Amino acid sequence: MTPAQPPSIDSGQTESPSAATPASANPATYAPAPAAPQTSRRSFLKAGGMLSLSSLMGTAALMTQSDDAHAAAEWAEHFQKNYRLMTDQEKLEARVRLERRYSAEYGKPVSVDITGPQPGVLMGYALNIRKCIGCRRCVHACVAENNQSRGTRPGEKIEWIQVLRMERGKFEAEKMDHGYPEGLGIQVGGNAYTPAGQVLEGQFHYNPEAVPEKDATYMPIACMQCEKPPCVKVCPVRTTYREGDGPVVIDYNWCIGCRMCMGACPYWARRINVTTPVLPKAEMNPVTHYLGNRPRMRGVVEKCHWCLQRTRHGRYPACVEVCPVGARKFGNLLDPESEVSKVLERKNVFRLKADLNTFPKFFYFYD
Amino acid sequence: MRKLIRFATDYANYVLKGGKQFYAWMATLAVFIVAMLYVFYLQNTEGLIVTGMTSQIHEGLYFANLVFLVGVAAGAVTIVFPAYVYHHEGMHKVSVLGEMLAITAVIMVMMFVFAHMGRPDRLWHMIPPWGIYSLSSMLGWDVLVLTGYLILNIICGFYYLWCKYTGNPINKRWFIPLVFVAIAWALSIHTVTAFLIATMPARPMWHHTVMPIRFIATAFAAGPALIILIFLIIRKTTKFWIDDSAIQLLSTIVTWCLGIAIFLTLSEVVIELYARTEHANGLYYLMFGLHGLTRLVPWFWSAVVLMVGAFILFLTPAVRNNMKLLSIACAMAFTGIWIEKGMGLIVPGFIPSPIGEVTEYYPSFVEWLMTLGIWAFGFFVLTILLKGAIGILLGDIKFGGQTAVAK
């Protein structure tokens, strides 16, 4: 964990010692900063909400030593560096800034973890597609854990996991000779096929009364945390990158929202926040990680990060924890005794779209 | 220095004075520009939710126009190249007008970049030393070559005008090499833009090698088609006469680049639809629709009709030698390529999504307003640049001369 030395930050005249103390991952031990007045921040934001104007206004706000801790935090965020290039001190400042802002915004103590990759850990994931029953509990647990937007307008609802429904298909005797062209001796092709084991376009928004359905199998899909991630390659500002312990993460404060990464991802793992995410205060998960599930802002891209706020502290990702059939396995690929290593050792595994050479660390297997 | 200030004031005086028609034109454009500023404000307070873009189809009208206008910018080289490489007399006289068009188009591209971004307030993140420049990103390269092209054209264009203004001879020792650099650079901007989308195997519709040459071919058809239209307007509204030979050569270039573009499109259709793999789904959606969703089908076929129709018209001597009919053919080619290379290329790249979801994209009113506004701004800038350039070419703006007033 980070040192306990409280960083001194601008406009902190009113701050109590407890507010500046870096929080641990457990919000219970953390005392929130005094909530700043909400209204003045709103009007302030509106006034300078556009473009380079905002930079000028931000400088002005800092120079005039605005009492509004909220606004000051916003402007300081505006000028901060790419997370990867920050010094430890700067990371700490950014973290305290965010903790104070989020705590005031959501009315509860929020912690922003900045724990880095742990030595000797390379995260890996394996999913048993034979076991998956398509209940989508993983999807909902993920949304709750990772503070995804829950709005109702198109684009406001964000889910990182998609469960694809695949047809079992059906072959019948009477169709076996339905070749084409009809009436000629030689058949160029047949019509006896059914789309068995295939995802039909647009059909994964299934909504059955009960799962599993008789005529379907399921394949959950989310970010594959590729070893050769095409999304990272195309990012013009290096805001998305691979962390030392494997996951591909995003510095939400550095993202310019160009969406090249979304075009490059062969697994449709990334989402754009088309507006300020809808995150009710009561539902907000206060245990967050800087590169993980902290609340996002308008206009940036987000994706699965294997619950860094949990996994860097030895816990399972939310989807693994919630899976009722134990289809999801997560662990350290470098540890031969981990579940994932055991799966790779003993089961038949495959990776999705292996032909694209992205080398996912997310494996599918069956038993 | 004094000369430079005189140049600026003479230029401004000449450009700002005009007839009723001129002011009416500029005022109309200004209305659209104001509307654009409003929707830009909306987009950066409400978010991209005011557009039709989603996580499924996250590039739309803005990106389509961006791609198309990079082509128009590159297309300006169809004037500069014959002028300086083949010493074409008629072209040489007007080559600076092509540079003015290139400047305008690049400015418009940059505005569409701003419109497209989720966080335009953070674009400085791309610019070192404050930001990070990523050499592995095609978008980074695109910004680099576009900025370079803008600077090259400003230098070449305005140095030429400056020499005409002051009456000094052009220093050919650095000017001519720079012009040749700009010619090669024009190819680079559109090639890199093609790479931008063609280097994504996740989008099979774009992932093929024909993309750069198809981009160049369509650019060298749409660009000069627009230039011909502008030339015809200039001939009509100013004293400046553009030689028939220049227009004739441009129309030949349009004809054969359009022919190549049609050929490449046809090849793609045959190759993709013969095997009809899943990778052809995007094209199939564009041509016939997929899962009952057919939003882009009329869009595609109208582009086919316009492009093939224009090609036939260009091949007909009675049309290409008649300036009135020629302008119709040019407008058809320009519109056809705008449709085909814009939304017709960008949107189906996302349909179906990499995991098989078929959704559709509808540009919202905000997007149309923004697009119209940026085009209006483009014409606003182009009018100013062309008017000034023509004033200098005509000798109406001259160092030491009386401040002349445009007709």
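This is a predicted model: local features need pLDDT of at least 70, side-chain atom pairs count only at pLDDT 80 or more; totals for chains, interfaces and linings use all residues.
# Reading the terms in a two-chain model

User: What makes helix H4 (residues 77-85) of chain B largely enclosed?

Analyst: A residue counts as buried when 20 or more other C-beta atoms lie within 10 Å of its own. In H4(B), 7 of the 9 residues are buried, so the helix is largely enclosed by the rest of the structure. The buried ones are B:Val77, B:Thr78, B:Ile79, B:Val80, B:Phe81, B:Pro82 and B:Ala83. Their cover includes helix H3 (61-75), helix H5 (89-116), helix H7 (172-198), helix H8 (211-237) and helix H9 (244-275) of chain B.

User: Why are H1(B) and H15(B) called roughly perpendicular?

Analyst: The term applies to angles from 65 to 115 degrees. Helix H1 (residues 2-16) and helix H15 (residues 365-394) of chain B pack at about 115°, with their axes 9 Å apart. The two helices are therefore roughly perpendicular to each other. The crossing of H1(B) over H15(B) is right-handed.

User: Which residues of H1(B) and H15(B) meet?

Analyst: From H1(B) come B:Tyr11, B:Tyr14 and B:Val15, and from H15(B) come B:Ile384, B:Lys387, B:Gly388 and B:Gly391. Sorted by class, this contact has 4 nonpolar, 2 polar and 1 charged residues.

User: How many residues of strand E12 of chain A are buried?

Analyst: E12 covers residues 328-332 of chain A, and 5 of its 5 residues are buried, which leaves the strand mostly covered.

User: Why does A:Trp306 count as buried?

Analyst: The cut-off for a buried residue is 20 or more other C-beta atoms within 10 Å. A:Trp306 has 28 such neighbours, so this residue counts as buried. A:Trp306 sits in the loop between strand E11 (301-302) and helix H9 (308-311) of chain A. Its phi is near 55°, a positive value in a residue other than glycine.

User: Is A:Lys353 buried, exposed or partly exposed, and why?

Analyst: An exposed residue has 12 or fewer C-beta neighbours, a buried one has 20 or more, and partly exposed is in between. A:Lys353 has 15 other C-beta atoms within 10 Å, so A:Lys353 is partly exposed. This residue lies in the loop between E13 and E14 of chain A, and its phi is near 50°, again positive in a residue other than glycine.

User: What makes A:Ala216 partly exposed?

Analyst: With 17 other C-beta atoms within 10 Å, A:Ala216 falls between the limits of 12 and 20, and therefore is partly exposed. A:Ala216 belongs to strand E6 (residues 216-221) of chain A. Beyond its neighbours within four places in sequence, A:Ala216 is in contact with A:Arg165, A:Met166, A:Glu167 and A:Arg168.

User: What omega goes with the cis peptide bond from A:Val211 to A:Pro212?

Analyst: Omega is near -5° for that bond. A:Pro212 is in the loop between strand E5 (189-190) and E6 of chain A. In chain B, the bond from B:Ile351 to B:Pro352 is also cis, with omega near -10°. B:Pro352 lies in the loop between helix H14 (343-346) and H15 of chain B.

User: How many residues does each chain give to the contact between chain A and chain B?

Analyst: Chain A gives 45 residues and chain B gives 42. On the side of chain B, helix H6 (residues 138-166) gives the most, with 3 residues. That side divides into 19 nonpolar, 16 polar and 7 charged residues.

How values were computed
Residues are numbered from 1 along each chain as its sequence is written. Chains are lettered from A and ligands numbered from 1 in the order in which they are written. Helices (H or I, at least four residues) and strands (E, at least two) are DSSP runs, numbered from the N terminus. Two residues are in contact if their C-beta atoms, placed from the backbone, lie within 7 Å. Ala, Val, Leu, Ile, Met, Phe, Trp, Tyr, Cys and Pro count as nonpolar, Asp, Glu, Lys and Arg as charged, and the others, Gly among them, as polar. Axes are lines fitted to C-alpha atoms, for helices over the stretch in contact, and angles run from 0 to 180 degrees between N-to-C directions. Angles under 35 degrees count as roughly parallel, over 145 as roughly antiparallel, 65 to 115 as roughly perpendicular and the rest as oblique. A crossing is left-handed if the near helix is turned anticlockwise from the far one by less than a right angle, and right-handed if clockwise.
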